[in-house]
Structures are given as structure tokens and as C-alpha cells.
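Subject: Structure for you to look at

Hello,

Here is the structure I promised to pass on. Please open it first, then read my notes next to it.

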Amino acid sequence: MKIRAAVLRRSPIEPPFQASRPLSIEDLELASPGNDEILVRIGAAGLCHSDLSVINGDRPRPMPMALGHEAAGTVEAVGPGIHDLAPDDHVVMSFMPSCGHCLPCAEGRPALCIAGADANRKGTLLSGARRLSCEEVPIHHHLGVSGFATHAVVSRHSAIRIDPDIPFTHAALFGCAVLTGVGAVVNTCRAQPGQTVAVVGLGGVGLAAVLGAVASGAERVVAVDLARDKLEIALSLGATDAFLASDLDVVEQIREATKGGVDHALEMAGAVKAFDLAYRITRRGGTTATAGLANPSSQFAIPAVSLVAEERRVLGSYLGSCVPSRDVPRFIGLYRRGRLPVDRLLSSTGPLEGINAAFDRLHAGQVIRHVIDFEGT
């Protein structure tokens, strides 16, 4: 079938993207779903810094590629072997498909699936297939989703069924921002009621982490960013304290305010300076976690003695250490009860044709989440 999709044909590309136009809206051919795959009509897809990092070259990927990994939509057809999804079901896509039988999957850690990571690196679906092409030339899939398109074929293991009454513009956010941000708090750090949590970097994922810290019952939720307007947003979402990261004595300010540092500090900016700040505001015996994807060449140094003498923990968090089939439904349950107001992360919506200008706004920090709304176009 013919579809429209946003295609990246080379990288890196510099902003302003409205001028350089890294993404072209093209007519592609989408093959029918294969074994254990489904065809989804995309309802909405969010713009994320992980997409931006492919455009600017921080995350090298094979080209050409149909971008987009945070999406939700309606099942239109199922391939052979699918018995638990049917046409008209609504689904959220996860950007890490899981095979279910490698060692990480067997340990209950599907975000670290070996086969899924290999497929994402190669730009294929979990099966190893590519279902997208243009004039018989294969087009790579982005993280098994390629959601900046009218339709997508994805692995069954990339989709989680949801209730049909949730707006797609909200549902899409659960596929990345919410899983990564909320999951980093509750799964990676295992924050407990009454503890203190700091979030350094207040993009969509960072602000989702603020929501997760509030929902987990943290006594103090400390927001840290370079932008004052992001700090104001964090306070409106339930953060108890806000600090400007550019203040020369910001570490001392936070450690004094929290009586020696926080129990859990999460770095969400994908920058070494942000991780260093997060480490330095973590208390003795505390946890510093990062879900920010820095440039692969970035390195950071930790005082080795502090790991031992202070019993510090440093953790990475990918997909919020989530089990998507478990965590998407439970996070949606919190959203329904008003304890996880994910809708407040939505800054704006627009058509697919405006995607390059929307990435300019994301790059400039002018939006939390801009969502391509296919239902409204």
C-alpha cells in the first residue's frame, strides 16, 4: 500500500531545519505485515530528542530512514500468528521490541533485549525484515516503529493494546516520554514514598520523571534546568523546589536545601555536565541514574573513592527499565485517576508537513512535546 512518511536521507544536518529540511514528506510503499507483525494506522506521533539525535548525527543510523518512534494508532490488519490483537484495536508502540527468550528478556528486562537492540541498530523490524521501500529501494525503520507516517508495520512485540477512549495525542506520549521518565523513577531508582528525587534536564522525559516522582510519593521533588520557564512548568507539575543549573553555586544550594543531597538524582539532558551535577547533588548512599542519551564519544569521570566510601550507586536507565506490556497499562491507570497528568506534557500539535519547523522548536527548547496529529489533518 502507498503511505506518506517523513524520511531522513542523510545525517548529520544542522539547524535551522525549516531551511535545511532534513525530513522530506514522501510517498512510500508499505508491504503487508509478515508473521507476528501488524499494520497500524498512526493516530499521533510525538517528536523526541532521540529523533533529533539521529538528524544531528549524535545517534548514527543507517540511511535512508523513516523517522519517529513515539506513536499510537489503530490496528488495521494482522499478520499470520497474531491471535491477541485484531483490527480496530488501539495500540501504543514501544521503541524496543523484545524477543522474549534472550537472557535479558528471560530475566524480565525486555528493554535490554539483544535481538531488539540488533534490529534497531540495523534499522529493521524484529524479524530482520524491512517493510518500507521507495521505488524498490529499501527504507530503514526507526526503532521498529517509523511513526512519522500515515501507517506503519511493526512487530507484535512493539505494540501494547490500550483502551480506545484515550486520545491518540495523549496515548503516543506513553510510548517514550512516560515509559522512560516515569520508569526511571519507579523502576530504575525504585524511589520510595518520603524520599527526595532530583531531575536534571526538563525536556519531555525529564518532566515525565517529575510526574513520576510526584506520583511515587516523594517528599521533595527537585527540578534543575538551564531555562527558567522549564522550572516554572516543573513547579506547576508538583516539583517542590527549582534551581537554575547555570548558577555557580547550584550544587551547594541543592545540598543545603536537601540536608546533604537527594536520595535519587536523575540526569535527563544527555549531557556530561548535567550528569556531573546530578552526581554531585546525590547524598551519601544515594543513587544517580541517567536516561539521557549523550553523544557516543562523550566520557565522564567519577571520583572512584566516593563509590566505595559513600556507597554510591550509578545506574543507566533505558526505556525506564520498563516492561512495556506491564507498565503502559499501569501508567495509563495512574493517568486516568489524575495522578499522572501526562496531557500537560503536550505543548502543541500539527500536521506531518510542519515537522521540520517543529523540530526547530524542539531544538530551541520551545516545546515539551509537539505531536503530529494524523487524526486532526
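One term comes up throughout: a residue is buried under 20% relative accessible area, exposed over 50%, and partly exposed in between (1.4 Å probe, protein chains only). This is a predicted model, in which local features need pLDDT of at least 70 and side-chain atom pairs count only at pLDDT 80 or more, while totals for chains, interfaces and linings use all residues. Residues are numbered from 1 along each chain as its sequence is written, and side-chain values use heavy atoms, with hydrogens and water left out.

Helices (H or I, at least four residues) and strands (E, at least two) are DSSP runs, numbered from the N terminus.

**Helix α8**

Start with α8, which spans residues 228–236. Which of its residues are buried? They are Lys230, Leu231 and Ala234. These residues sit on the same side of α8, because they cover an arc of only 100° around the axis. That arc is taken from the directions from the helix axis to the C-beta atoms. Arg228 and Glu232 are exposed, on the face turned away from the buried side.

What covers the buried residues of α8? The cover includes α7 (204–215), β12 (220–225) and β13 (241–244). Contact here means heavy atoms within 4.5 Å. After α8 comes Gly238, with a positive phi near 120°.

**The parallel sheet**

Next, find the open sheet of six strands. Its order is β13-β12-β11-β14-β15-β16, and the pairing is parallel. Two strands pair if DSSP finds at least two bridges between them. The edge strands, β13 and β16, each pair on one side only. On average, neighbouring strands of this sheet are turned by 20° against each other, direction ignored.

Helix α9 (residues 250–257) packs on this sheet. α9 touches β12, β13 and β15, and its direction makes about 165° with that of β13. For such angles, axes are lines fitted to C-alpha atoms, for helices over the stretch in contact, and the angles run from 0 to 180 degrees between N-to-C directions.

Look closely at β15 (residues 282–290) too. Four bridges join β15 to β16 in the parallel sense. Thr288 stands opposite Val314 in β16.

**An antiparallel pair**

Strand β3 (residues 37–46) and β9 run antiparallel, joined by five bridges. Leu39 has Val153 in β9 as its bridge partner. β9 is mostly covered, with five of its five residues buried.

**Aromatic rings**

How many aromatic pairs does the structure hold? There are four. Rings of Phe, Tyr and Trp (its six-membered ring) pair if their centres lie within 6.5 Å; planes under 30 degrees apart count as stacked, over 60 as edge-to-face and the rest as tilted.

One of the pairs is Phe95 with Tyr318. Their ring centres are 5.6 Å apart and their planes are at 80°, so the pair is edge-to-face. The two residues are 223 residues apart, and their pair links distant parts of the chain. Phe95 is in the loop between β6 (90–93) and α3 (103–106), while Tyr318 is in the loop between β16 (313–316) and α12 (324–336). Phe95 counts as buried, at 6% relative accessibility. Tyr318 is partly exposed, at 27%.

Phe148 and Phe359 form another edge-to-face pair, 6.1 Å centre to centre with 75° between the planes. This pair also links distant parts of the chain, 211 residues apart. Phe148 is in the loop between β8 (137–141) and β9 (151–155), and Phe359 is in helix α13 (residues 355–363). Both Phe148 and Phe359 are buried.

There is also a charge over a ring. The charged end of Arg312 sits over the ring of Tyr279, 3.9 Å from its centre. The test is that NZ of Lys or CZ of Arg is within 6 Å of the ring centre and within 35 degrees of the ring normal.

Ser94 is in the loop between β6 and α3. Is Ser94 buried or exposed? Ser94 is buried, with a relative accessible area of 1%. Leaving out residues up to four places away in sequence, Ser94 touches several residues, including Leu143, Ile160 and Pro324.

Gly100 lies in the loop between β6 and α3. At 51% relative accessibility, Gly100 counts as exposed.

Val371 lies in strand β18 (residues 369–373). Val371 is buried, with a relative accessible area of 0%.

Best wishes
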